[in-house]
Structure formats: structure tokens, C-alpha cells
Amino acid sequence: MTAFARFGALTVLAAAALCVPAVPVAAPPPPLPVDEAFALRASWIDGSVQLRVEVAPGHYLYADRFEATWAGKPWPALQRSLTAGGKPKQDPHFGLVRVYDAPVEAKARVAPADAQSPAAFSIVFQGCSEVAGICYPPAERKFALTAGGRDQLPSNRETQSLKDLFRKQVSQ
Amino acid sequence: MNTGRRALLLAGAGLTAAGLGAAGGYWWLSHGAVDGAESTLLGASFEGLDGKTVPISTWRGKSLVVNFWATWCGPCREEMPDFVKAQREFAAKGLQFVGIAIDRRAPTEKFVAEIGVNYPILLGDVAWLEAVKKMGNPQGVLPFSLVFSPDGKVMLRRVGRLKYDEIAAIVA
């Protein structure tokens, strides 16, 4: 190898070494928007509200962090249906918890007194992504359904009053 | 090869390497150019676990890792022992961790004591989950870490787990 070639090779090596970032690139995939990670739809059929939450692969929802309200007041029937399911998960930090890593289906009858008016109910939920290694803060999605409505999307896509959600959901 | 030509080659090699290195350095720093959002964080103050208000500027001049976390976030709890180890091992090299808990005091204090956190933990309002959306965390999820150089430039943004090896590479 000529001196010229040696210097050329050394130059390229030195430049390559200097261009390598100091920190190895090992970033996890970026998290999905919460409405893609956990997509809610609701129907009001035969006197009952049916809620379905799709859970994206590699994500999960905590069963005991669901909250259902009707016209701003607790809705125990839907709440029970939401928190009763899921599967047990031995969490290294929280012990035995119940989580949903598959679609959530919940159902509750609408009280006859409420059947004539549009259903204004909301769902609070909180979950995490195992693939991205993150947790979403609690989110609230609101529905405005009329009897017979099917596969309705939430009427809001923005979390309302994050502070209130935190007070209820994650602050012990 | 005569002396003059060799000197010319050496100078050319040096200049090329320096130029490419500078470009690599520029790439590295510009990976997270400082903008208004991070400036807000660096200029902010938070309540410490002792009840005193602490400005982030306290640690100006350090290689600063600001970690947003919460006790209700499993992945956050999982990465923190790495931070404890890194703080212990690299403090002498100017590395400083600061944890901002989006949480209440009681569970924060309990967890911090449990794992023996050896760096300052401050309490952050949930509004910071909105603020971090402009700092490279568009979904406002946790954990989220920002690594600042001693002169306040963002060296790394990490949505999700920040590993010990990556921290070690930064201070090496």
C-alpha cells in the first residue's frame, strides 16, 4: 500500500470513528396515540349500552382503573362490567392485577328513566404499552348516544381535566 | 514521497477528519436542538420532597438527566434502579439525575425510600404531561427523560426506558 493510500484509509477510519454517535441507538418504538392504542366504540341496543375497547397488540389496560359515569355520576352497572373482566397479571411492582390485553367488552342496561334521553356517559381508562415501554396517563372519552345508535366513536378525543382524572385514578 | 507532499497529505487528512467530526458533532447536538419548551423546563422550579422549592438551574453546568416518572407507571419504576447506580458511579464525572414525579407526595416518598433513590426527586404538576408534548414526547407518556449537556443543550430525548449503558456512554 502506498503512503498516499495508507493516509487515505486512515483518514476515512478517523472520520468514521468521529461520526459515530457516542450513545448507541436503542430507542424503543414511538408510542401510539392513545386513541389508536385503545380504541373505544359504543352502541345502544335493546335497552343496553355496549362498550367495546380494542387493545392494540403489545398494550394492556388496567381493569381496576376503569371508571364509568352517566351524566356525571357513577354508573355502577357499567363499572362492574368493565372491572370484572381481564386476566390476572403478576406485576413486578403492583403485585397481582387484572389487565386486558385483548378487546374489552362491557354491557349495562340503561335505566328506564334515562331511556328517553340521549346517553351522555364517559369512560376513564389507563393503560400501558409493553412494546414501547411506557404508560399512558388516565384518559377520558365521552359518548353522546341515542337509542339504536351503533358503533359510535367518542365525542371527544382530548383528555378533559387531566387534573381531575389524576385525582380519581392514580393518586392514592 | 517528498516531505512537502507528505505534510500536505497529513494536513488534508487532518482537516477532512476534523470537518467530518465536526459534522458528526453537529448532528449529535442538533439531534435535540434547544427550543422554547426545554428552556421552560430549565427555567422552572419544583417542590422537593422536603417541601422546599428547587429551581432546575441549581444543576446548571452538570450533565443533567431530567426524568419524568410516576409510581403508577411500571416502566418508570423499572428503570430507576439503573439511575441510582449511574448516579453513584458517575457523579464524580459531573452527571446529575433529577426525577420529576407526576404524582402525589405519599406514594412518591414511599417508593423513593424503598429503592434508595440517591438523587433529588421533585413533585411535578400534571400540566407537565402537556408541556412535555413539545419536548419530543408527543403522546405525553411516561417515563420520559431528557439529557442536557453542561451548557443546557439537549443531548438525548427518550420516551420509554433509558438504560444504564446509554447513560454510561454519555458520560464516557
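User: Which residue does B:F68 stand opposite in strand 6 of chain B?

Analyst: In general, the strands of a sheet pair through backbone hydrogen bonds, and the pairing is either parallel or antiparallel. In this predicted model, B:F68 stands opposite B:F144 in strand 6 of chain B. Strand 3 of chain B, residues 63–69, and strand 6 of chain B, residues 144–148, are joined over five bridges in the antiparallel sense.

User: In what order do the seven strands of the open sheet in chain B lie?

Analyst: The order is 2-1-5-4-3-6-7 in chain B, and the pairing is mixed. Strand 2 (53–55) and strand 7 (154–159) of chain B are the edge strands, each of which pairs on one side only. On average, neighbouring strands of this sheet are turned by 30 degrees against each other when direction is ignored.

User: Which strands of chain B does helix 3 touch, and which strands does helix 6 lie across?

Analyst: Helix 3 of chain B, residues 74–90, packs on the sheet and touches strand 3 and strand 4 (95–101) of chain B, with its direction making about 150 degrees with that of strand 4 of chain B. Helix 6 of chain B, residues 164–171, lies across strand 3, strand 4, strand 6 and strand 7 of chain B, and runs at about 155 degrees to strand 3 of chain B.

User: How many helices and strands does chain B have?

Analyst: Chain B has six helices and seven strands, which run from the N terminus as α-α-β-β-β-α-β-α-β-α-β-β-α. Of the 172 residues of chain B, 36% count as buried.

Technical notes: Residues numbered from 1 in each chain as written. Chains lettered and ligands numbered in written order. Predicted model: local features only at pLDDT ≥ 70, side-chain atom pairs only at ≥ 80, totals over all residues. Helix = DSSP H or I, 4+ residues; strand = E, 2+ residues; numbered from the N terminus. Buried ≥ 20, exposed ≤ 12 C-beta atoms within 10 Å, placed from the backbone. Pairing = 2+ DSSP bridges. Axes fitted to C-alpha atoms, helices over the stretch in contact; angles between N-to-C directions. Contact = placed C-beta atoms within 7 Å.
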